[in-house]
Amino acid sequence: MSETILTENKKNQKIKLDFKDSKYATGRRKKSVARVWIKKGSGKIFVNGKEMMNYFKRPAHQIVVTKPLEETKSMGQYDVKCNVKGGGLSGQAGAIIHGMSRALVSIDETYKKVLKKNKLTTRDSRKVERKKYGHKKARRSFQFSKR
């Protein structure tokens, strides 16, 4: 009984990280905003105080988040800490990519060519289109009956 309480407290406990001499960047996608810190380390990625594997359960999101590090061939060289707010999981993953690639460019300018070629430094400006009056959704109209 007491063992289960201890393990639950460990899971809910926030991980404190030392990111004093690190590079910072902001990334955005849809409604999500990610604040990203990168420093030299062993390759750990933390999102909102949790490990990336525990925050993003889907393998697709995990692959997307690690893409900037894979493209620059610096997978086990940097520790990444992210705080992300707003939107859903895919928007948050996109915001983390954007922030991570911007921070990597601020660390080393040679990464810019590779990241720009893979379109990771530019912000994806697509957002949800608003619903219009007289329509069912943004573009979908109500069914029309001639007779």
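Tutor: The largest nonpolar core has 26 residues, and those with the most contacts inside it are Ile38, Phe56, Val65, Val80, Ile96 and Met100. By nonpolar core I mean a set of buried Ala, Val, Leu, Ile, Met, Phe, Trp, Tyr and Cys residues joined through side-chain atoms within 4.5 Å. Buried is under 20% relative accessible area, with a 1.4 Å probe and protein chains only. At least two core residues come from each of β2, β3, α2 (52-55), β5, α5 (89-107) and α6 (111-117), and α5 gives the most, with eight. Those elements are DSSP runs numbered from the N terminus: helices are H or I with at least four residues, strands E with at least two.

Keep in mind that this is a predicted model, where local features need pLDDT of at least 70 and side-chain atom pairs count only at pLDDT 80 or more, while totals for chains, interfaces and linings use all residues. Residues are numbered from 1 along each chain as its sequence is written, and side-chain values use heavy atoms, with hydrogens and water left out.

Now zoom in on Phe56. Leaving aside neighbours within four places in sequence, Phe56 is in contact (heavy atoms within 4.5 Å) with Val47, His61, Gln62, Val65, Leu89, Gln92, Ala93 and Ile96. Val47 also has Cys82 as its bridge partner in β5. Strand β3 (residues 45-47) pairs with β5 in the parallel sense over three bridges; pairing takes at least two DSSP bridges. Strand β2 (residues 32-40) runs antiparallel to β5 (residues 78-85), joined by eight bridges, and there Arg35 partners Asn83.

Definitions and conventions. Buried means under 20% relative accessible area, exposed over 50%, partly exposed in between (1.4 Å probe, protein chains only).
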